[in-house]
Amino acid sequence: MMKKISLVIFAALTFFLGSFSQNVDDALRYSQIFYGGTARFMSMGGAFTAIGGDISTLSQNPAGLGVFRASEITITPQLFHFNTKSDFNNGSASDYLYNFNLSQAGIVSTLISNNKETGLITLNLGYSFNKTNNLNQSVTIKGTGTSSMADYWALNSEGILHGNLTGNERNAYDAWLIDTLSGSAKSYGTAFSNYGDNPPSKYGQTITRLISNEGYTGEHALSIGGNYSNKIYFGATLGISTLNYTSNYEHTETTNVPLDSKLESFTYTDHYENTGTGYSLKLGAIIKPIETVRIGLAFHSPTFYRIQEYFYEDLTSKFTDGSQYQFSNDPSRYSYALTTPFRALAGIAVQVRKIAILSADYEFVDYSTARFSQTGDGFDYSDKNMLIKSSLKSASNIRLGGELRLNKLYLRTGYGYYGKAFQPGEDNANLNYRSISFGTGFREQNLSIDFAYTNYKYSQSYVLYPLDSSFDPAIASLNTATNMFTVTLGYK
């Protein structure tokens, strides 16, 4: 049972306890891609595998670069709004944040361009920075305790002499949140049970967790693409991916009734920062069997990341007699490598006369193939990689898009479904993401301006701390809505 409970913590998609550094959560976070880009790209749900002609496709299907007939430059600022509602043990809370960021910036330059109907018609070079995942979040969880994080530390301390405790368990012992039971040197009680001298435990405390995450993953795409006989478009991209992520949460428990141990409250802080760079290769083709139909295919190699991590923890306890204790673990720095899964994409686009385009994309990705590896310290990641394999699975992503042209005005809409990444039986086995988008655009000679609105929704379970079956599970339900307002300025 303890093995199953231990796995539950990894099912909390976005957050994790610091003692599980380099885990399933990290592997999934940096493997998921939601394809940010231009407002046209966003408003059509990112369904551009077969369409091309948009700078964002350099990160999706580089054959889209071959569709360009002229040089172009675009820049795309974006306003990001995140809102989450939480439910935990008869308590509910909501939180939100705004983030202004750069979704995309890029340029296409034409090397070869001619008017012939066969052979190599165009050859283009392109560069684009595309945001692939916005990781900014603010979450508040609040409820009534039927267990405590102190129970988690006490369970981890079982069978260990107090003089040999390390990490958070040692800090919890020194802060009088846990102590050995009377007559035992290796079994532990908590301040909520007066360290075992006055069982059963007295809960009902207010539990509050404040979570603040900042960061993103993005890709610098260096691409070449061409057009052969207006029938085959081809392209290749060297992707240089960057990640920058900071996660901080404060977990506070405040007693509402007098305890024999005199505990008033305690606060645990978990903070870590990840930075890294990765490299990948993408190949793609778009085939036009007839004038009104395009079929797109693309393959993305795994991204090979090298990641640096900075991590620290802090624990403070307060008692009604005025005593207070504060302990911190020495900050730690790690360096490790992560290989994300490969991706295979297929798409079809249909042009309806000269007034509309309809497109559909399918993407396959097997998250269970993500792997950690050491970068010189000799650490053995085999157990963590086995956990990734047993916790995650392959997923299918589907994107749909449509565009209606009314002279110089364009109306667009899109839909996206990002499939379930966790194995059946995992706590978040049913977690998926759904998006709906709308947009408009205007073209005037060499200038263009496009607007898009995208809404993502998902629901997940978040484990505050793992416990065995003798305790009620400490699991919160989170319902999240993400709104993105995007505008693109373009010049040909």
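The lining of the largest pocket divides into 15 nonpolar, 12 polar and 15 charged residues. The structure described here is a predicted model.

**The largest pocket**

- The largest pocket holds about 1,200 Å³ of space.
- Its lining consists of 42 residues, and those closest to the centre of the pocket are Arg-40, Val-67, Ile-357, Arg-405 and Tyr-410.
- Several strands each give two or more residues to this lining, among them E1 (72-88), E10 (293-300), E14 (343-352) and E15 (356-366).
- Strands E17 (394-406), E18 (409-418), E20 and E21 also belong to the elements that give two or more residues to the lining.

- Strand E19, residues 433-444, pairs with strand E20, residues 447-465, in the antiparallel sense over 11 bridges.
- Within this pairing, Phe-451 in E20 stands opposite Thr-440.
- Two residues lie between the strands in the hairpin of E19 and E20, where Gln-445 takes a positive phi near 55°.
- E20 also pairs in the antiparallel sense with strand E21, residues 474-491, over 18 bridges.
- Tyr-453 has Phe-485 in E21 as its bridge partner.

- Helix H5 spans residues 167-174, and its buried residues are Asn-168, Glu-169, Asn-171, Ala-172 and Tyr-173.
- The cover over these buried residues includes helix H4 (149-157) as well as strands E5 (178-180) and E6 (188-190).
- Strands E9 (263-290), E11 (304-319) and E12 (324-328) are also included in that cover.
- Trp-176 follows H5 and has a positive phi, near 65°.

**Ser-247, a buried residue**

- Ser-247 is located in strand E8, which comprises residues 232-254.
- The relative accessibility of Ser-247 is 4%, and therefore this residue counts as buried, the cut-off for that class being under 20%.
- The side chain of Ser-247 makes a polar contact, at 2.8 Å, with the side chain of Asn-213.
- When residues up to four places away in sequence are not counted, Ser-247 touches Ser-212, Asn-213, Asp-270, His-271 and Tyr-272.

Methods
Residues numbered from 1 in each chain as written. Predicted model: local features only at pLDDT ≥ 70, side-chain atom pairs only at ≥ 80, totals over all residues. Heavy atoms only, no water. Pairing = 2+ DSSP bridges. Helix = DSSP H or I, 4+ residues; strand = E, 2+ residues; numbered from the N terminus. Buried < 20%, exposed > 50% of the residue type's maximum accessible area, 1.4 Å probe, protein only. Contact = heavy atoms within 4.5 Å. Polar contact = N/O pair within 3.5 Å; in protein donor to acceptor, adjacent residues only side chain to side chain. 1 Å grid on protein atoms, 1.4 Å probe; cavity = no way out; pocket = protein on both sides within 12 Å on 5 of 7 lines; lining within 4 Å. Points joined across faces, edges and corners; volume = space filled by probe spheres on them. Nonpolar A, V, L, I, M, F, W, Y, C, P; charged D, E, K, R; others polar.
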